[in-house]
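Hi,

Here is the structure I promised to pass on to you. Have a look at it first, and then read on for my notes.

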Number of protein chains: 2
Amino acid sequence: MASQPRNLLVAQSGGPTAVINNSLVGVIEEAKARGEIGTVIGAERGIEGVLREQLVDLSREAPQTLRALRQTPSAALGTSRHKLKEGDLERIVEVFRKHNIGYFCYIGGNDSMDTANRIGALAAGLSHDLRVMGIPKTVDNDLVETDHCPGYGSAARFVAATLRDAGLDTEAGAASTPVKIIEIMGRHAGWLTAASALAREGRADAAPHLIYVPERPVTVDAILADIERVVRRLGMAVVAVSEGIHDAAGHFLAASSAAVDAFGHQQLGGVSAYLADQVTRGIGLKARFEKPDTMQRASTCLISAVDAQEAYEVGAAAVRAMLAGQTAQMVTIVREPGVAYQAHTGLVPLAQVANRERRLPEAYMAGPEEGVTDAFLDYARPLIGPVLPEHGRLARYPLGK
Amino acid sequence: MASQPRNLLVAQSGGPTAVINNSLVGVIEEAKARGEIGTVIGAERGIEGVLREQLVDLSREAPQTLRALRQTPSAALGTSRHKLKEGDLERIVEVFRKHNIGYFCYIGGNDSMDTANRIGALAAGLSHDLRVMGIPKTVDNDLVETDHCPGYGSAARFVAATLRDAGLDTEAGAASTPVKIIEIMGRHAGWLTAASALAREGRADAAPHLIYVPERPVTVDAILADIERVVRRLGMAVVAVSEGIHDAAGHFLAASSAAVDAFGHQQLGGVSAYLADQVTRGIGLKARFEKPDTMQRASTCLISAVDAQEAYEVGAAAVRAMLAGQTAQMVTIVREPGVAYQAHTGLVPLAQVANRERRLPEAYMAGPEEGVTDAFLDYARPLIGPVLPEHGRLARYPLGK
């Protein structure tokens, strides 16, 4: 080919995760390894960087920087929640032409896949050859057509480790403060809250003792009754609750309290605080709450090694697919049948993914005490990486009185 | 000696820490290694286990259990916040006599040192020889007469790592949500909040951008002005705030909002949520908050190796001191002069420690942007263990428009 090789543009979008930089590095390293691609260009803050032509040359980044980014949470290019407006697509095409972009990779969740899909559809009508790939990323694990989403495994590891630690802490002081409410991310889907069950592995009556996900409508009264029953039996209750739990009419639980409005519940920031207060007022038990919020998606020390590697691979696979002539697809993760966990990447048309949401299926949900089924545990366990460290427990040999 | 060797009783008290079990194991292993001591007995839930005669034989615990406990946060024997009542001391003496207790170790904070001090004073008047030692433990780091307290280093490591991760996460999405408020434990003393400054090491303008401790009275208006100024300069503000910050009249900031009452502010659980709301209402910036609460004292993955080792050593030192004839003392940590961090254990009379509280000295505090002085950083840095993992950052070589 006598013509100049086409450049690749990559951007990160939506909420950061602990491993989204792995996908970026996967794109950069795979693109640099192939002669067919010119410069690897990064857009700052997602599609906004394209619209504003705030672009950086990623081909020049040092290898040690890329290596370090594989252990660095959050989005190194910055992210955006910009939804496409009128005129945006024309501006994007203009910038792409100017910078000789032949390949576009968008790393993100549902909204971002919609953006990628619209750019992909537009590209089909251009004279200029533009290939578009979506690279999945979300701690919510709610993209359809993929076994799971990069970012979920690390957030799930954080949640499982945090619930295990909280179980130990609550048990030690249960005589004075028997209830602990922990608020987990997930407005519409309970995948992350469900992962709290991985804290229990192998131990009866271990935390969490109650799990509430948005897929199962619930009332404050029902939760208080559950907590009272569990405390009566175990002397304590550690409760994992999705930020988005709601009643059968769709009203968020925290929104039933006027006090919560003052706490910016547009971010649903109040359900754990609200429930802790209700526990004390309603059933007279002292309760504390934890709201780790974005710590769930940004913890360096709880990155899942499997998740980090898969995030890298979906990035690299996107580049390979485009060079093989594919466009307007999202890379997926396909789990292979068999006992030992193995997965490979696949492709699905972006149009099948955009603006759809995958919730916890019935087969993965149980009542609030179990929370999840064995099928869910089998699904989620391999994604969080090596087993969590075992804790020591005293045998407590009783001494005669 | 023809008489039966006297037994040792040990208990854990107050809020758990990530390394309080190391002190327990230090006591058990040192006591078992010495022929002079009979059985090592544990009281369940602090002094309550003595009063109720709920005792366990720790000498029989398997070596692998003790090894595992050295990596296990929270208090394996359970803890108590019981304050001594009339008749309690008599009952304690009775139980001690019955079980031939010649040595008593109480692992805890200020309140626990008061309990130990009262038992120690009583012991001086007994015919029966009873030696009493306090073993320091508190994430608040507010015991006097010791360089620092076991438990602080691990909690400080958690706070530093969390603020560093939060800085990355906030930066990526700062265009839409520029402000993040993180609530740190510490009702009266700001040691733990100050440790957030260790997140910055070596990087200009790194998070936290503002630090508020209880030692420096402050108003909501002043905080909002600080945040507005920092956001104007950096495009973001990550704020570390002690749960106990208050104004010059001593009123907790969160308590100024009626809405907070619904959030159980008897535990001071509301200042971060309250401030995040005030930021949005007062200066129109979108803000999120994190309230890690007891995660700060119970994180398995952020145990400081130095802290764990020192917690073990103060336990072992307590046993050695009693066998050398000491009583009514608390073990201290004494930092040695010199550039490289080194410390050894010391002793101080319990009467000098009980019911006193050590706050951040003036020499360690700076204005809200710096938060702390270099002297504080030099003090705290060695306590959190190995340096936090370095994160990768793109050089972001700009591309011409």
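Below is what I found, going from the pair of chains down to a single residue.

One thing to keep in mind from the start: this is a predicted model.

**How the two chains sit together**

Chain B can be laid on chain A by a turn of 180 degrees and a shift of 0.0 Å along the axis, with an RMSD of 0.0 Å. The two copies are thus related as by a two-fold rotation axis. The same surface serves both copies, as 100% of the contact residues of chain B recur in chain A.

Chain B and chain A each bring 71 residues to their contact. On the side of chain B that touches chain A, the elements that each supply at least two residues are β3 (55-57), α3 (63-69), α6, α9 (271-283), β9 (287-290) and α10 (295-298). Which of them gives the most to this side of chain B? That is α6(B), with eight residues. By residue type, the side of chain B that touches chain A divides into 32 nonpolar, 20 polar and 19 charged residues.

**Helix α6 of chain B**

Helix α6 of chain B covers residues 152-172, which makes 21 residues. Is α6(B) largely enclosed or largely open? It is largely enclosed by the rest of the structure, because 21 of its 21 residues are buried.

**Strand β4 of chain B and its partners**

Strand β4 of chain B (residues 101-108) is also largely enclosed by the rest of the structure, because eight of its eight residues are buried. Strand β1 of chain B (residues 7-12) runs parallel to β4(B), and six bridges join them; here L8(B) stands opposite Y103(B). Strand β5 of chain B (residues 131-136) is likewise parallel to β4(B), again through six bridges, with Y106(B) opposite G134(B).

**Domains of chain A**

The domain assignment of chain A gives domain 1 as 7-150 + 302-352 and domain 2 as 152-300 + 360-383. Their C-alpha centres lie 33 Å apart. The contact between them takes 21 residues from domain 1 of chain A and 20 residues from domain 2 of chain A. On the domain 1 side of that contact, there are 10 nonpolar, eight polar and three charged residues.

Strand β10 of chain A (residues 329-335) is mostly covered, with five of its seven residues buried. Strand β5 of chain A (residues 131-136) pairs with β10(A) in the parallel sense over two bridges, and M330(A) is the bridge partner of G134(A). With strand β11 of chain A (residues 343-349), β10(A) pairs in the antiparallel sense over seven bridges; T332(A) stands opposite G346(A) there.

V348(A) is found in strand β11 of chain A. Buried or partly exposed? V348(A) counts as partly exposed, because it has 19 C-beta neighbours inside 10 Å, and a buried residue would need 20 or more. Leaving aside residues up to four places away in sequence, V348(A) touches E145(A), Q329(A), M330(A), T332(A) and V353(A). V348(A) and E390(A) are 42 residues apart in sequence, and their C-alpha atoms are 39 Å apart in space.

Happy to talk any of this through.

Best wishes

Methods:
Residues are numbered from 1 along each chain as its sequence is written. Chains are lettered from A and ligands numbered from 1 in the order in which they are written. This is a predicted model: local features need pLDDT of at least 70, side-chain atom pairs count only at pLDDT 80 or more; totals for chains, interfaces and linings use all residues. Helices (H or I, at least four residues) and strands (E, at least two) are DSSP runs, numbered from the N terminus. The expected span of a helix is 1.5 Å times one less than its number of residues. A residue is buried if 20 or more other C-beta atoms lie within 10 Å of its own, exposed if 12 or fewer, and partly exposed in between; C-beta atoms are placed from the backbone. Copies are superposed by least squares on the C-alpha atoms of residues with pLDDT of at least 70 in both. Two residues are in contact if their C-beta atoms, placed from the backbone, lie within 7 Å. Domain bounds come from an automatic or database domain assignment. Ala, Val, Leu, Ile, Met, Phe, Trp, Tyr, Cys and Pro count as nonpolar, Asp, Glu, Lys and Arg as charged, and the others, Gly among them, as polar. Two strands pair if DSSP finds at least two bridges between them.
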